[in-house]
Amino acid sequence: FKITIQAGEDNKNLDTNPTEILFLIDGSKSVESERFEEFKEGIIKSLAMLNEGDLFNIVVFKELIFEFKEESVQANSDIIEEAEKFLKKFRSAEKTDAFEVLTKAISQQANRSPSYLILLSDGRPTKGITNAREVINKISDHNNGQKAIFTLSGGLRVNRYLLDFIAYRNRGWSEYSYRSNLISDQVAKLYEKIDDPIILNLRYYLSGVDDRETFPTILPDFF
């Protein structure tokens, strides 16, 4: 099915809905240095585009989880500079547990509605639950459509299966850059697409077809 929504001529401007963005950045050894640096640069580019009233936080995860702030904060020049210094401290190393960081991010109380997660990873967990299907199913069941999860990666050796379906089943989508040196631009473009949600919590009702064979079962927000 496809639906197109167009604003009437009298609606020249729409109010911006403040959002919360949580960047989850995989800092494991398998991500490799170039890709990890591109992830970090992409986050900084995205922070410069946050709308007034938006909140953000950054979580670097490998064998341990490192949070930029205990709670999400509003962006300003000082905070962005502080976030850049926070990211510079990390290098790609160690194993990674994607299931743990996603579970923790989902469980945290949202400070804005909507609250979105952007997962920057190669989709290859090496600690904890490592089976892709198990990660997808357990995270999707735990989240139950509460927070949209968007995923992004690039370069070689990426588990597209995990990244595609963790996003698809959680009201988001996945994006991929075939060239590693363009990943940071792709991160910023992804943020641009989701920075102005217009309609939240969309639902559909069907008649005359089997809704058990209609996907996605939970719709993404309308941007």
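Is Arg212 buried or exposed, and what relative accessibility does Arg212 have? At 67% relative accessibility, Arg212 counts as exposed, where exposed means over 50% relative accessible area, buried means under 20%, and partly exposed lies in between (1.4 Å probe, protein chains only). The legends below describe a predicted model, in which local features need pLDDT of at least 70 and side-chain atom pairs count only at pLDDT 80 or more, while totals for chains, interfaces and linings use all residues. Residues are numbered from 1 along each chain as its sequence is written, and side-chain values use heavy atoms, with hydrogens and water left out.

**View 1. The salt bridge of Arg212 with Asp210.** The closest N and O atoms of Asp210 and Arg212 are 3.1 Å apart, and a salt bridge here is a side-chain nitrogen of Lys or Arg within 4 Å of a carboxyl oxygen of Asp or Glu. Asp210 is partly exposed, because its relative accessible area is 29%. Elsewhere, salt bridges that share partners join Glu41, Lys45 and Asp185 into one network, and the structure holds 12 salt bridges.

View 2. Lys40 is buried, with a relative accessible area of 6%, whereas Glu37 is partly exposed, with 35%.

**View 3. The salt bridge of Asp221 with Arg171.** In this pair the closest N and O atoms are 2.7 Å apart. Asp221 lies in the segment after helix 6 (183–194) and Arg171 in the loop between helix 5 and strand 7 (174–177), so the pair ties together parts that are 50 residues apart in sequence. Asp221 is buried, with a relative accessible area of 7%, and Arg171 is buried too, with 5%.

**View 4. A nonpolar patch on the surface, formed by Tyr161, Phe165, Tyr168 and Phe215.** Together these residues have about 420 Å² of accessible area, as given by the Shrake-Rupley method with a 1.4 Å probe, where for residues only the protein chains shown count as cover. Patches are made of residues with over 30% relative accessible area and no salt bridge, with like charges joined within 9 Å and nonpolar side chains (Val, Leu, Ile, Met, Phe, Trp, Tyr) within 5 Å. Tyr161, placed in helix 5 (residues 160–168), counts as partly exposed because its relative accessibility is 37%.

**View 5. The largest cavity, with about 30 Å³ of space.** On a 1 Å grid over the protein atoms alone, a cavity is a set of points where a 1.4 Å probe fits but cannot get out, and a pocket is an open set with protein on both sides within 12 Å along at least five of seven lines; lining residues have an atom within 4 Å of a point. Grid points are joined across faces, edges and corners, and a volume is the space filled by probe spheres set on the points. The lining includes Leu22, Val59, Ile65 and Lys104, and its largest share, 3 residues, comes from helix 3.

Technical notes. Helix = DSSP H or I, 4+ residues; strand = E, 2+ residues; numbered from the N terminus.
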